[in-house]
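I opened my notebook to look up a few things in one structure. Here are my entries, in the order I made them.

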Amino acid sequence: MWLIVLMIVAASVSAILLTMTLINLWVLGRPGVAVTGDPRLVSICIPARNEAPNIEACVKGLLASNHPNVEVLVYDDQSTDATSTILRSLCDIDPRVRTTPTLPLPEGWNGKQHACWRLAAAAKGDWLLFTDADVRFEPDAVGTALSEADRLQADLISGFPRQITRTFAESLIVPMIFFVLFSYLPFPRMRLSNDPAASAGCGQFLFVSRRGYDACGGHAGFKDSMHDGIRMPRAVRRAGLQSDLADITGVTSCRMYSGSASTWRGFAKNAYEGLGSPFLLLFLSITHLSAQVLPWMVLAWSGFAAFNPVPAGVNTVAVGWAAIAVALMIVQRLILAGWSRTPLWTAVLHPLALLAVTALQWHSFGIHLSGQRAWKGRIQRSTPSVAA
């Protein structure tokens, strides 16, 4: 009996998450036509630490923007590779490219937040776009961001670039960003409310007005964070302004991590900070394992029992509800894969992806408590706490 109840609950949860995803995709919509001929200066701010393989392609893509008024600022954050040499060449080629003088990392600051803070101080634009060197831009990217900011009347627009994955680990874990976002953030509430808890963002693309940046205190307000994609929208909302999300998958792309080790380290550094609560971590872990992973196990066991001459005691009613739950999960993942342009085959590996993400979140919680989060050769030492 208990298994039947669990599978009914699992099917109900899957139906709710699918419904939430459909509503959120409808609310988000597709972006409008990019703004053209707009005189507003957009300052594109790129923190770069050992980005020799990426920085030239990123900057040149931005310089090819259809928006007529851009400046590209890069902060070389004590790189030990050829980043500085490439930057000098780019500055010589186009006067719209500038570098910001490098300073020693102050105590208590995360490297990226300090770099962005320095870039913002040097920027002259009416709008600031904080992005990463591994992001690639189509010519309409800046104009689309301006158009969406005007349409949504928001002082901060964020979005997730189309995520390029080339290894099994990347394809398994990276698309889970979209599953979590579209399953658990109610976009109607995000649009209708100014509650910081109803906001979201991605550090790969944070497009903020100068007014909004100054009002929220900028990166100094979360200087020790490794999750500016969460912290900046919340800061803007706490300042009484609006943040929003836009679909930028058609105008930007990014290969976030390369390989399994990089993917694990990259998500582990801030997976817990994105949740911010051990109670939420525990709730999601229990929900995912019982309502999203267990139905697949029930179906697998029923398949084993079908070929087992000894009756295995599989309850056919429970199996039926498990099949409904699994079908709903696959439909949700296929819809998200189609929207985000990530591999469709990952839909059938949903339980494996959930197990990997759950392990990542608990590992991230552990290194958060130890105060030993690390990225790009730096350890982010912090006072251990259960709240981010």
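Is Leu289 buried, partly exposed or exposed? I looked up its relative accessibility and found 38%, so Leu289 counts as partly exposed. A residue must be under 20% to be buried and over 50% to be exposed. I noted that I am working with a predicted model.

**Entry: the surface patch**

I checked where Leu289 sits. It lies in helix α13, which covers residues 278–306. Leu289 belongs to a nonpolar patch with Phe168, Trp345, Leu352 and Leu355. Together these residues have about 470 Å² of accessible area.

**Entry: aromatic pairs**

Next I turned to the rings. A pair of aromatic rings is described by the distance of the centres and the angle of the planes. How many aromatic pairs does a search of the whole structure find? I got twelve.

I took Phe178 and Trp339 as my example. Their ring centres are 5.6 Å apart and their planes stand at 75°, so I wrote the pair down as edge-to-face. An angle over 60 degrees is needed for that label. This pair links distant parts of the chain. Phe178 is in helix α7 (residues 176–184), while Trp339 is in helix α14 (residues 316–340). They are 161 residues apart. Both Phe178 and Trp339 are buried.

I looked at a second pair, Trp362 and Phe365. It is edge-to-face, with 5.9 Å from centre to centre and 75° between the planes. Trp362 has 36% relative accessibility, so it counts as partly exposed. Phe365 has 12%, so it counts as buried.

Which residues do ring pairs link into a cluster? I listed Phe160, Phe178, Phe182, Phe187 and Trp339.

**Entry: a sheet**

Last, I looked up some strands. Three of them form an open sheet, in the order β5-β10-β7, with mixed pairing.

I followed β7 to its partner. Two bridges join β7 to strand β10 (residues 252–254), and these strands run parallel. I also noted that Arg162 stands opposite Ser253 in β10.

Methods
Residues numbered from 1 in each chain as written. Predicted model: local features only at pLDDT ≥ 70, side-chain atom pairs only at ≥ 80, totals over all residues. Heavy atoms only, no water. Patch = residues over 30% accessible without salt bridge, like charges linked within 9 Å, V, L, I, M, F, W, Y side chains within 5 Å. Areas by Shrake-Rupley, 256 points an atom, 1.4 Å probe, with all protein chains shown as cover. Salt bridge = Lys/Arg side-chain N within 4 Å of Asp/Glu carboxyl O. Helix = DSSP H or I, 4+ residues; strand = E, 2+ residues; numbered from the N terminus. Buried < 20%, exposed > 50% of the residue type's maximum accessible area, 1.4 Å probe, protein only. Phe/Tyr/Trp six-rings, centres within 6.5 Å; stacked < 30°, edge-to-face > 60°. Pairing = 2+ DSSP bridges.
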